[in-house]
Amino acid sequence: MARKQIAREQIVKLIVGAGQASPSPPVGPALGSKGVKSIDFCKEFNARTAHLTPGVPVPARVTVRPDRSFHFELRTPTTSYLLLQAAGVKERKNKLRGGGAAGKESIGEVSLKHVYDIAKIKQSELRLSGLSLEGLCKSVIAQARSCGIAVVP
């Protein structure tokens, strides 16, 4: 006989534009498969991200409980988005995109001051608050290299 498994919380990770959550893909299918009403998530997400610039990609970590209720945590915008904004990169095909050949092709430049500011933004996040600012700056510089952005002093 098969033993019945104990119902556990499920975690869904999404990246949605601030104030632009809608029940269409990717939000609807990701939450609908877990039994959550996506319209409820969208209303709450849009209300909590109303203070941000519309369209900024905000990672959300949704925890779905066994009774199909949910709660979610918002994180800071993605590092690559912040770097591309600081470098002043133009949209290609309606998206911000990094360089095609990372390390060989440079699509923009950021100063160390920009790197420091981005590290400060990331440090305000609870899960990264224990890391040193120097370590965060190094990871931001590494992310800049992988996006094809040159860091200048």
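Let's start with Cys137, which is buried at a relative accessible area of 16% (buried means under 20%, with a 1.4 Å probe and protein chains only). Keep in mind that this is a predicted model, where local features need pLDDT of at least 70, side-chain atom pairs count only at pLDDT 80 or more, and totals for chains, interfaces and linings use all residues. Residues are numbered from 1 along each chain as its sequence is written, and side-chain values use heavy atoms, with hydrogens and water left out.

Cys137 belongs to H5's side of a contact with H4 (contact means heavy atoms within 4.5 Å; helices are DSSP runs of H or I with at least four residues, strands are E runs of at least two, and both are numbered from the N terminus).

Now for the largest nonpolar core, which has 35 residues (buried Ala, Val, Leu, Ile, Met, Phe, Trp, Tyr and Cys joined through side-chain atoms within 4.5 Å). Phe45 is among those with the most contacts inside it, along with Leu14, Leu31, Phe41, Val62 and Ile149. Leaving aside residues up to four places away in sequence, Phe45 touches residues including Val16, Val58, Phe72 and Leu74.

Back to cysteines: Cys42 is buried too, at 3% relative accessibility. Across the whole structure, a search finds zero disulfides (pairs of cysteine sulfur atoms within 2.5 Å).

Notes. Buried < 20%, exposed > 50% of the residue type's maximum accessible area, 1.4 Å probe, protein only.
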